[in-house]
Amino acid sequence: METIALVCFVIGFIILVFYGIQLIIIAFRESTAWGLIYLFVPFGSLYYVVTRWQKCKSPFLKSLLALPFIFFTFYVVSTGAGGPGYEMIDTLP
């Protein structure tokens, strides 16, 4: 089961990276300043996506496809479904 969790995590991570890079490219196409703001200013990326929703809607919504994969991974790791060794964590004082 831990192998399936690892595969799901990798799939989710690849989805997030792919569409995250697409959003960065959109920001840099508008201007270099917006690209740098997107990368380095806290909440700059959120502001950019909200204010330019028509351009960013597709990659942003597609990046949300990674959430079920990530949530499944954390569910498997946090429960006893992870396989041998996870049961030992419950017995620690």
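This is a short walk through the structure above, from the overall fold to single residues.

The model is predicted. The chain holds 6 helices and 0 strands. Along the sequence the pattern reads α-α-α-α-α-α. There are 93 residues, and 26% of them count as buried. The chain exposes about 6600 Å². Carbon and sulfur atoms supply 76% of that area. Among contacts with a separation of 6 or more, 54% join residues 24 or more positions apart.

Start with helix H2, which covers residues 32–40. Its buried residues are Trp-34, Gly-35 and Tyr-38. These three span an arc of only 100° around the axis, so they sit on the same side of H2. The spacing fits a general rule. An α-helix has 3.6 residues a turn, so residues three or four places apart point the same way. The other side of H2 carries Thr-32 and Phe-40, both exposed. What do the buried residues of H2 pack against? Their partners are helix H1 (2–30) and helix H3 (44–51).

The largest nonpolar core has 8 residues: Leu-23, Ile-26, Ala-27, Trp-34, Tyr-38, Tyr-48, Val-49 and Cys-56. H1, H2 and H3 each supply at least two of its residues. H1 gives the largest share, with 3 residues.

Ala-27 lies in helix H1. Its relative accessibility is 0%, so Ala-27 counts as buried. Beyond its neighbours within four places in sequence, Ala-27 is in contact with Trp-34, Gly-35, Tyr-38 and Tyr-48. Trp-34, Gly-35 and Tyr-38 are the buried residues of H2. Ile-37 is 10 residues from Ala-27 in sequence, and their C-alpha atoms are 8.7 Å apart. Val-49 is the other example. With neighbours within four places in sequence set aside, Val-49 is in contact with Leu-23, Tyr-38, Cys-56 and Phe-60. Leu-23, Tyr-38 and Cys-56 belong to the core listed above.

Is Arg-52 buried or exposed? Arg-52 has a relative accessibility of 18%, and buried means under 20%, so Arg-52 counts as buried. Its place is in the loop between H3 and helix H4 (53–63). Not counting residues up to four places away in sequence, Arg-52 touches Glu-30, Trp-34 and Tyr-47. Trp-34 is also one of the core residues.

Now move to helix H5, residues 66–78, where Thr-73 lies. Thr-73 has a relative accessible area of 7%, so this residue is buried. Where does its side chain reach? The Thr-73 side chain comes to 3.2 Å from the backbone nitrogen of Phe-9. Leaving out neighbours within four places in sequence, Thr-73 is in contact with Ala-5, Cys-8 and Phe-9.

Cys-8 brings up the last topic, the cysteines. Cys-8 is buried because its relative accessible area is 13%. Cys-56 is buried too, at 1%. A disulfide is a covalent bond between the sulfur atoms of two cysteines. How many disulfides does the structure hold? The count is 0.

Note on methods
Residues numbered from 1 in each chain as written. Predicted model: local features only at pLDDT ≥ 70, side-chain atom pairs only at ≥ 80, totals over all residues. Heavy atoms only, no water. Helix = DSSP H or I, 4+ residues; strand = E, 2+ residues; numbered from the N terminus. Buried < 20%, exposed > 50% of the residue type's maximum accessible area, 1.4 Å probe, protein only. Polar contact = N/O pair within 3.5 Å; in protein donor to acceptor, adjacent residues only side chain to side chain. Contact = heavy atoms within 4.5 Å. Disulfide = S-S within 2.5 Å. Areas by Shrake-Rupley, 256 points an atom, 1.4 Å probe, with all protein chains shown as cover. Arc of directions from axis to C-beta. Core = buried A, V, L, I, M, F, W, Y, C linked by side-chain atoms within 4.5 Å.
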